Amino acid sequence: MVIDKAQWNEARFDSGQYAWSTEYDYIDNNYRALHMDTNSFCSGGGFLGNGTLVSTGGGERRGRNYKALEGWHSIRMFKPCTNQTCEWSEFSTHQMGVNRWYPTAEQLPDGSLFIIGGSKKGAAVNREEINTPSYEFWPTRGPPVHMQFLVDTMPYNLYPFVYLLPSGHLWIFASRSSIIFDYEKNEIVRRLPDIPGNVRSYPLTGTAVMLPLMPENNYEVEVLVCGGAEGMRRKSRADDTCGRINLSKEDTKWEMDTFVFPRLMPDGVLLADGKILFVNGCQRGFAGYNGRNNDPQFTPVIYDPVKPLGQRWITGLVSSTIARMYHSVALLIPDGTVWIAGSGCIDPPNATATPYPTEFRVEYFSPPYLFSTPRPLISNVPTSLYPAQRFAININLQSDSTPDVKAALINPGFSTHSLHMSQRYVGLESSLSEDGLNLEVVAPPNNNIFPPGPAWFYVTNNGVPAQGVQVMVKTLT
Ligand SMILES: [Cu+2]
């Protein structure tokens, strides 16, 4: 699913009208244009527990070439199908309780979405008059609830970083601050120390990744925040640091590390082996259109969260030749590669501008794990998984070396504006049969650890992944 902005686009309907959403077939490089009533510019999104994709919020009304109603309030729903007939359904506008441009959505244990923040209209940086300091839910649980944290973190609070924690609380980060939040009680459980260094939120955009949750350490949770920019100037230097914090410890503090290269607007993608790929972004400027992004960062780096500090970065990876700055995306796809698209840093779009055009080429990054020993094959993966369910799959290791088999569930998340909403990697307990032909696996113990909805099941042998298989994670109730 690709969601863009109501604007000039290479994707059109037969009528010639521009399309701003498509169902894209990356195997055949074909697409099906999908109608949207409203402008989805700078929206958020995530899956409901029943597998419906929801797009939240967006931008202004756009004229007759686009026929886009205003999308500030919108809730757009798409129930995936395999016969090329499914379409977005919208109740026109006014779905959420308030306008939200640059909101974040996070999938919850009951299969609903938590929707937070944004502004009443677009802005280079948030202002008091347009701030939307509240959260709400979809399906709705009533009017938006005021959130002082989004007042305290002005003006750098748009697209806050949010992850659901194994405790059932949320980690919410904006500017340099973060909290652990109980959304049921509307209560801050804990305030964390500010991250050292620069602001990390739009338009000084960095990113955050929740590190893999592993059964062997009882799902201890750590988050990694990387990159950003020092100010809202075209020549501002990008931040070259990462901070990592353990949210399971009482007296916790940020452990600072290098980001290898300066990078603002990074995309952090959890790979099939639990490492994290950082791509896209630039080295000077800040998030925004028309000359605000400079000196693209072409070289990816990979972070290995289980290594000790000082040994976590894998460098020497091949560089891209395509600038991917504002409005770029990256997503893990089932074969274990990473799909990379975008750069929409010119308004109105211009596909022939130099040096940084509106970019319509997609690109694939193959992680190092695709260049070593044969890939295992797996079959008989269940189509749905209940919490703590035990199941067995068939495996063909295709290799005579000593097996080291691991299994995981991944939600690749909703990628936009350097955020990967609901992205998570959960390691699964597993044991290989003596003959090496069967793998017994245990599903995540509860929906705080993996909320219901679509997920990808991956098995690796000595770090080399099999093809991912889609499963539906269910709830027990
Ligand atoms: Cu944007």
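**View A. The sulfur of Cys282 lies 8.5 Å from the closest cysteine sulfur, that of Cys345, which is too far for a bond.** Cys345 likewise takes part in no disulfide, the nearest cysteine sulfur being that of Cys282; a disulfide is here a pair of cysteine sulfur atoms within 2.5 Å. Cys282 counts as buried, at 0% relative accessibility, and Cys345 counts as buried too, at 6%. Buried stands for under 20% relative accessible area, exposed for over 50% and partly exposed for the range in between, with a 1.4 Å probe and protein chains only. The model is predicted, so that local features need a pLDDT of at least 70 and side-chain atom pairs a pLDDT of 80 or more, whereas totals for chains, interfaces and linings use all residues. Residues are numbered from 1 along each chain as its sequence is written, and side-chain values use heavy atoms, with hydrogens and water left out.

**View B. Two disulfides are found in a search of the whole structure.** Cys81 is joined to Cys86 with an S to S distance of 2.1 Å, and this link is left-handed, with -85° about the S-S bond. Cys81 is partly exposed, with a relative accessible area of 24%, whereas Cys86 is buried, with a value of 9%. The other bond joins Cys226 to Cys242, also with an S to S distance of 2.1 Å, and its torsion about the S-S bond is about 115°, so this disulfide is right-handed. The pair links distant parts of the chain, with Cys226 in strand 17 (residues 222–226) and Cys242 in strand 18 (residues 241–246), 16 residues apart. Strands (E, at least two residues), like helices (H or I, at least four), are DSSP runs numbered from the N terminus. Cys226 and Cys242 are both buried. When the bonded cysteines of the chain are numbered in sequence order, the pairing reads 1-2, 3-4.

**View C. The copper ion is held by the protein donors Cys42 (SG), Tyr102 (OH), His327 (NE2) and His417 (NE2), which lie 2.0 to 2.4 Å from it.** Along the chain, the donors follow the spacing C-x59-Y-x224-H-x89-H. Cys42 sits in the loop between strand 3 (30–33) and strand 4 (44–47), and His417 in the loop between strand 33 (414–416) and strand 34 (419–421), so this pair ties together parts that are 375 residues apart in sequence. Donors are N, O and S atoms within 2.8 Å of the metal (3.2 Å for Na, K and Ca), and because water is not among the atoms, sites may look incomplete.

**View D. The largest nonpolar core has 90 residues, and those with the most contacts inside it are Trp171, Leu247, Leu409, Phe457 and Val459.** Such a core is a set of buried Ala, Val, Leu, Ile, Met, Phe, Trp, Tyr and Cys residues joined through side-chain atoms within 4.5 Å. Leaving aside residues up to four places away in sequence, Trp171 touches residues including Phe161, Tyr163, Leu192, Val223, Leu247 and Trp254, where contact means heavy atoms within 4.5 Å. A second, separate core of 29 residues includes Val209, Val279, Val338 and Tyr369.

View E. Ser21 is buried, with a relative accessible area of 0%. Its side chain reaches the backbone oxygen of Val2 at 3.1 Å and makes a polar contact with the side chain of Trp88 (2.9 Å). A polar contact is a pair of N or O atoms within 3.5 Å; within protein, one must be able to donate a hydrogen and the other to accept it, and residues adjacent in sequence count only if both atoms are side-chain atoms. Beyond residues up to four places away in sequence, Ser21 also touches others, among them Met1, Ile3, Arg32, Leu34 and Met36.

**View F. Cis peptide bonds join Trp138 to Pro139 and Tyr202 to Pro203.** Omega is about -5° for the bond of Trp138 and Pro139 and about 5° for that of Tyr202 and Pro203. Pro139 is in the loop between strand 10 (134–138) and strand 11 (145–146), and Pro203 in the loop between strand 15 (187–192) and strand 16 (207–210). Most peptide bonds are trans, and most residues other than glycine have a negative phi.

**View G. Tyr219 has a positive phi, near 60°, and Ser343 has a positive phi, near 110°.** Tyr219 is found in the loop between strand 16 and strand 17 and counts as buried, at 11% relative accessibility. Ser343 is placed in the loop between strand 27 (338–342) and strand 28 (363–365) and counts as buried, at 3% relative accessibility.
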